[in-house]
Amino acid sequence: MRAVLTWRDKAEQCVYDLAFKPDGTQLILAAGNRLLVYDTSDGTLLQPLKGHKDTVYCVAYAKDGLWSPEQKSVSKHKSSSKITCCSWTNDGQYLALGMFSGVISIRNRNGEEKVKIERPGGSLSPLWSICWSPSREEHNDILAVADWGQKLSFYQLSGKQIGKDRSLNFDPCCLSYFTKGEYILLGGSDKQVSLFTKDGVRLGTVGEQNSWVWTCKVKPDSNYVVVGCQDGTISFYQLIFSTVHGLYKDRYAYRDSMTDVIVQHLITEQKVRIKCKELVKKIAIYKNRLAIQLPEKILIYELYSDDSLDMRYRVKEKIVRKFECNLLVVCADHIILCQEKRLQCLSFSGVKEREWQMESLIRYIKVIGGPPGREGLLVGLKNGQILKIFVDSLFAIVLLKQATAVRCLDMSASRNKLAVVDENDTCLVYDIHTKELLFQEPNANSVAWNTQCEDMLCFSGGGYLNIKASTFPVHQQKLQGFVVGYNGSRIFCLHAFSMSAVEVPQSAPMYQYLDRKMFREAYQIACLGVTDTDWRELAMEALEGLEFETAKKERKKRGETNNDLFLADVFSYQGKFHEAARLYKRSGHENLALDMYTDLRMFEYAKDFLGSGDPKETKMLITKQADWARNINEPKAAVEMYISAGEHGKAIEISGDHGWVDTLIDIARKLDKAEREPLLMCAHYFKKLDNPGYAAETYLKIGDLKSLVHLHVDTQRWDEAFALGEKHPEFKDDIYVPYAQWLAENDRFEEAQKAFHKAGRQGEAVRVLEQLTHNAVVESRFNDAAYYYWMLSMQCLDIAQDPAQKDVMLGKFHHFQHLAELYHGYHAIQRYTEEPFSFHLPETLFNISRFLLHSLTKDTPLGISKVNTLFTLAKQSKALGAYKLARHAYDKLQGLQTPARFQKSIELGSLTIRSKPFQDSEELVPLCYRCSTNNPLLNNLGNVCINCRQPFVFSASSYEVLHLVEFYLEEGITDEEAVSLIDLEAPRHKRENKWQEIASNTSQTLRLDETLDSMGDDDPFTAKLSFEQGGLEFVPVVVNRSVLRSMSRRDVLIKRWPPPLRWQYFRSLLPDASITMCPSCFQMFHSEDYELLVLQHTCCPYCRRRIDDPSP
């Protein structure tokens, strides 16, 4: 990266802030009490703006019109400290405020503080600049923070810090992102502007100044940067990011995001990314070696194996020294550093073994192969000299010297020819042994020899690719970029920052050789890659030129051995059609003679050739004549010919494609019912042309009742389908399953039940929905399966109102509710393991996998994979620091049959987890809100507390344990009475008067009651039951009327189940943390999660109840 000064100006006073017009054409800056407007293209001062009586510290252009003329006043909010900087998120929903006290306050649009970040430095590290990343690729909003504690930090919207603080060694005054968030600019007391990656890695200096830098901004959607200083200097720079890359045969390595290296296999298109976390300065690649130069060291990588397709690299050596070089080359055992006129050869341990001093600046260097430790280098100098140097030799061999400077070099496969591109964009080709200039071509910027053909090269320039064979004229085709390699028929081209392999047919150079009657050379070119037509043309030209050997090779290439057949081909191409026909017949290929006549539309000759032969041949001839009529756009005639030839299928196809329903009706009625295939085609076109009546007639003709059923279903003619189902009960599933699915897709479940009842199918709705659920599971649509199971459970609950079926249906209700919860959670696991990207947070996947693992203690439902669950748990546990749980998951996976795509990851994870401490992060341990016991991540009891046996209540989105405890009503209290008692909203006593701790040698008890005087043993919410009861059985929380009266309505959530179920009551132990319950499915969510999911899906994510649906 280098910065080029475009223009500079100086204002009379300090430049505190500046802003670009959104289209980037103008720049406005604050200098003292004046505003100056510049033209960004040339730095012309367009106009000074006056009117401010005091110093202007901030300027901005309006972008989205946040200020509204209808708004009569501006809302104001107090701050605990002086605000020094602020920044809006991309969506404009949150505003981050930087305080002089070192505190960050994140507020919503109403000014309410949502997050407060207390930083370690406090008031000793006042914030001076903050900025939200404008990147659209990040999953979370990222806030960059620069303080005068000389640190750069990054935070999420939630307030969680990303990574560690990065030391700056200067007081930052300004911070600015590039338009897409890929880089950060920082300036301040060091009197310069520095460029950083989005992760805070310093890349270089943009421009050094004479005073403090108070502001720096990036021109929208460009690489231009403007800097404003204390002394009034305004500097406008262009940042030029150079391409850092290396190529060897089919492997291409290039720099990405300034700190990463991507190695691309040009044949297989595989890519591998190597993260260096420092500025990558140079890259070199050779065979199985890869060298990367960083600011303070050079890393040498090697491939894991000798496999040509292997893309796994590992560090072989590190040279921890700072090097300054123009070019870097790597060999099998050495690295070569180019420093102006000097070449240095270093071993991988950093020891200098050899050095060569050149007469002029080195412009180009390339490894041309050789034994390990003795490779040859091709070197081009600015004075036109071209040398060959062997790594193990002190002496450079001069190959030739030309008058112009060298820009690009390449040597032919046999080392006999040398191609040079000079500074005048001329491609010159020399004979290395005689030093003779063989030819030269203009408009070249790079050149490459074909590695499989000695006499072929290609060069690029002026937007064209030029292919030259021997001394023939150049063949051109359009191509943007630089040619860097040529292998067979494949050319490797670098355009901008991407490398691509272009398949180029070699037809043009082959025909150039054919024109000169150079058949053997043409055959060699054809072997690189030409079309079948080109091969035949080569054979014909070789025969005419009496080059029988080449023609024979060409025929063998195509697998032909019959001489009469080949001579017949020759006669046919020469126009001697009758002689060709006789030879075709003599060689036993009458069909080729007929093909020749019909291709030439000589149908009369074809009939004479056939005579009174086989009727099948005559039929075939009529068919071909019909094909010809069809091709010349005479479809009516073609249909008649096809019908006369008995080709009803083709006649039906043409009639159907042209929409001739009358013709199709005639054909269908004339056909015998035994001819099923053409009749089925007629029915297909009747359906397609919206004539279901004729389609039904056709299906009845052939007796295909199943297709008739599908016709009625597809056209939604349900009455006819039901009538047919009454006569033929075997088609019941073919009718009712699609009907129920159609009703379900249209949210008409009640109508579906009524329709089945009308058809006399009692309970069919439940059975069909079970089938739909099974299909969803088999097809891995687990989200749909969860929804269907929930629907099934609610239908079973509805049927359970019948006393005769109550027990059976309640059992099914609880079973289906359980399955719905399992499949709803497993949907996220399945997407994580099957899809390349995950839309869930690691904590969510961790919670879901734990929930499923604890729930799958007995039988595993169909479609749910324990391997996928354990694999997800292992990966997320390791990522979140639950190393003990991760080790357990990997151990479990070792005993299961795992897919091949997981095995390598599991084996690697099993090994690497042993290097981690045998413990889990305390932050992940779930807490029982009833007895305040920390539960282990792996709970043998399942999803209940190990101490009090209280079942956990989970969020249906994040699967976190909610701060809810279920309680039951004392005998004799009805649901209506309980709700009325809770709704009384009795005066709440002070906390110290409401709770009392009773301690003894064996237990501790917290009592909840109305008054201090009524303390006893009936406090159900805080008693540690596992100690008091002395047993292992779960003791539910039972409340009396006094406790109900003491409760606040906002602390209680009620699942109001329809009869015969009783209502369920839950008490929130953290009232300030809001929980939302869906009124339809009674699933619990954190309120913020529920609102976000409803906004995304316009319905409940669990039961799909729409937000505009008034019914519960």
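Y254 stands opposite I262 in β23. The model is predicted: local features need pLDDT of at least 70, side-chain atom pairs count only at pLDDT 80 or more, and totals for chains, interfaces and linings use all residues. Residues are numbered from 1 along each chain as its sequence is written, and side-chain values use heavy atoms, with hydrogens and water left out.

Strand β22 (residues 251–256) runs antiparallel to strand β23 (residues 260–265), and 6 bridges join them. Strands (E, at least two residues) and helices (H or I, at least four residues) are DSSP runs, numbered from the N terminus; two strands pair if DSSP finds at least two bridges between them. Both strands belong to an open sheet of 4 strands, ordered β21-β22-β23-β24 with antiparallel pairing. At its edges stand β21 (245–248) and β24 (271–275), each with a single partner strand, so one side of each has no neighbour in the sheet. From one strand to the next the twist averages 15°, where axes are lines fitted to C-alpha atoms and angles run from 0 to 180 degrees between N-to-C directions.

Another open sheet of 4 strands has the order β33-β34-β35-β36, again with antiparallel pairing. Its edge strands are β33 (362–367) and β36 (396–401); each has a single partner strand, so one side of each is left without a neighbour in the sheet. Neighbouring strands are turned by 20° against each other on average, direction ignored. Over 5 bridges, β33 pairs with strand β34 (residues 376–381) in the antiparallel sense, and V367 stands opposite L377 in β34.

Helix α20 (residues 782–799) has 18 residues.

Terms used. Expected span 1.5 Å × (residues − 1).
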